[in-house]
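Here are a few friendly notes to read alongside the model. Take them one at a time, with the viewer open.

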Amino acid sequence: MDFKSRLVERVDELKWLYMELYNNSSMFAELIEKIEVFYNKREAYLKKIDEKREADPEWYKGNDMLGMMLYIDNFAGNIKGVEEKLDYIEKCNVNYIHLMPFLDTPEGRSDGGYAVSDFRKVRPDLGKMADLSHLSKVCHKKNINLCMDFVMNHTSEDHEWAVKARKGDGEYMSRYFFYDSDYIPKKYDETVPQVFPTSAPGNFTWCEEARHYVMTTFYPYQWDLNYKNPRVFNEMMYNFLFLANQGIDVMRLDAVPYIWKELYTTCRNLPHVHTLVRMMRIIGEIVCPGVLLLGEVVMEPSKVVPYFGTVDKPECHMLYNVTTMATTWHTVATRDVRLLKKQLDSVNALPKQYTFLNYLRCHDDIGWGLDYPTLLNYGMQEVPHKRYLNDYFRGYAGNSNSRGELYNDDPVTQDARFCGTTASMCGVERAGFEADKDMMTQAIHLDVMLHAYMFMQSGIPVIYSGDEIGQVNDYSYKKDPKKAADSRYIHRGKMDWKAAEKIDVSNSVQGRIFNALNQLEEIRKQEKAFDSKADTWTLETWTKEVLAIGRYLDGEKIIGIFNFSENDQTAWINEDDGWYTDLISGKKMLAKGVDIPAYSFYYLKKDEV
């Protein structure tokens, strides 16, 4: 289908939504005119990819998809360096690269790149926009997809709009939320929660130059955009399409629940947010239908799922499985799979067209947004349990070998989040520091088991660069004045390429983890039951330390059994349907009363009759 056909098919709904929100026909006419300009500028090879993906709308849901998140500078210095490392990325079986924020930002006031000063310029030390375009072409030849962050809730205070707003230009002040007294800001603060209560308290910042307060939900240097102004929506869509035309396959919509603001509300997940995302989806389907929307919705499941939209009116193609990630680490700390089983049952009950990105950790902290009403039934109260989790992962409680640091520790609410790499949270750091071989073996078993469990979930698994070699926490950030106050940099360390050279040394930590993950990735690609179309469910194991997950498609059945305890356990499942073969060891066994060693797992495939 060509541009004109797609436009004719979708323009009525787009216009209805736009006019409902803005009632501005001239701005809508401009939007339609401009999106055609961006389509005409789109390279022919990208249009061919669009056509292929439009004909196969579930192209991204195969069991061969594996993602990796990385900061360009930490991974390879610059964009050209990433291109030089593509062979390594392919060796990791990765075909989806999430390039962490790389657009131009003010040094020292960027929140890890999430304060964009120019949406059409790459940070100079990372390269140029032409380098990004070239990287995307090389990646597409290798069937590797690129993802980037589209930071749409706010701009940097150094963005050209903000610079003009500071000087009192009303046209640009209207693109943000400015107030000449603190009356309205105080009204907002009555209902709007704080994102960073310790490092960036409040939701407004006084701008001395403009003599006004400006809304800054995240940090004082990140000014919230006013999407009630149609000019803001139009211009941000032009930026979106410009970046899509560089060859980006997946746009991660950063902080999307926050983009619509209303007084006397929480300014989270408001109905008009979904109107904006739906319009973005339609515009993408008209201009660049091969580009996916990935929503960053760090909320409880009931607020995450609506961002998929409906079958008839879809919004995001993919969402992060945030709550399952946090619940996974709760399970590690408690050796109790009950809440995780309930969480997975909820996800498995959703329509199969809903695609989640599954991960063990990302660039951000781990927040303990768990299902506390259910945990209360298990005798776990919210505040003490959060304290226990943070103590556990710092190595202070629960017979823990984990290492890491707190983030935004709030003495008032006694709430805090946690930072650390997967390997450090599993005990690799402590075992290495203490040169304890037995502890290291246990840590590696836990690390690999968690990845095996993640691969068993429905959706697309994503690993963070360095986790494939068991990279541990990097405490050097404390020596950098621009990073020292932000403990999230502990798990954003530079890729250790000397350590990566050891992946071919079978008895090294790096080799043991890398090769184990490689085996899991190959199994996931080869086995039909790992396809997104498979039925997925949890099994009762009758022991709270062990989780079991079943997958079935076209006559093939696999049961994953995962021991979250440092002690040997028995999974009291009773699948009385014949023999199974463990895909890791090749061992044949019955899926009845399965003995499973500490921090180990099985991928049991039902034998053909």
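**Notes on charges, cysteines and the core**

1. There are 54 salt bridges in the structure, a salt bridge being a side-chain nitrogen of Lys or Arg within 4 Å of a carboxyl oxygen of Asp or Glu. Please keep in mind that this is a predicted model, where local features need pLDDT of at least 70 and side-chain atom pairs count only at pLDDT 80 or more, while totals for chains, interfaces and linings use all residues. Residues are numbered from 1 along each chain as its sequence is written, and side-chain values use heavy atoms, leaving out hydrogens and water.

2. Have a look at Lys478 and Glu405, which form a salt bridge with their closest N and O atoms 2.7 Å apart. Lys478 sits in the loop between strand 17 (460-464) and helix 21 (497-500) and Glu405 in strand 15 (residues 405-410), so the pair ties together parts 73 residues apart in sequence. Strands here are DSSP runs of E, at least two residues, and helices runs of H or I, at least four, numbered from the N terminus.

3. Next, the cysteines: a search of the whole structure finds zero disulfides, meaning pairs of cysteine sulfur atoms within 2.5 Å. For Cys92, the nearest cysteine sulfur is that of Cys139, 14 Å away. Cys92 is buried, at 3% relative accessible area (buried is under 20%, exposed over 50%, partly exposed in between, with a 1.4 Å probe and protein chains only).

4. Finally, find the largest nonpolar core, with 196 residues: buried Ala, Val, Leu, Ile, Met, Phe, Trp, Tyr and Cys residues joined through side-chain atoms within 4.5 Å. Helix 20 (residues 437-456) gives the most to this core, 13 residues.
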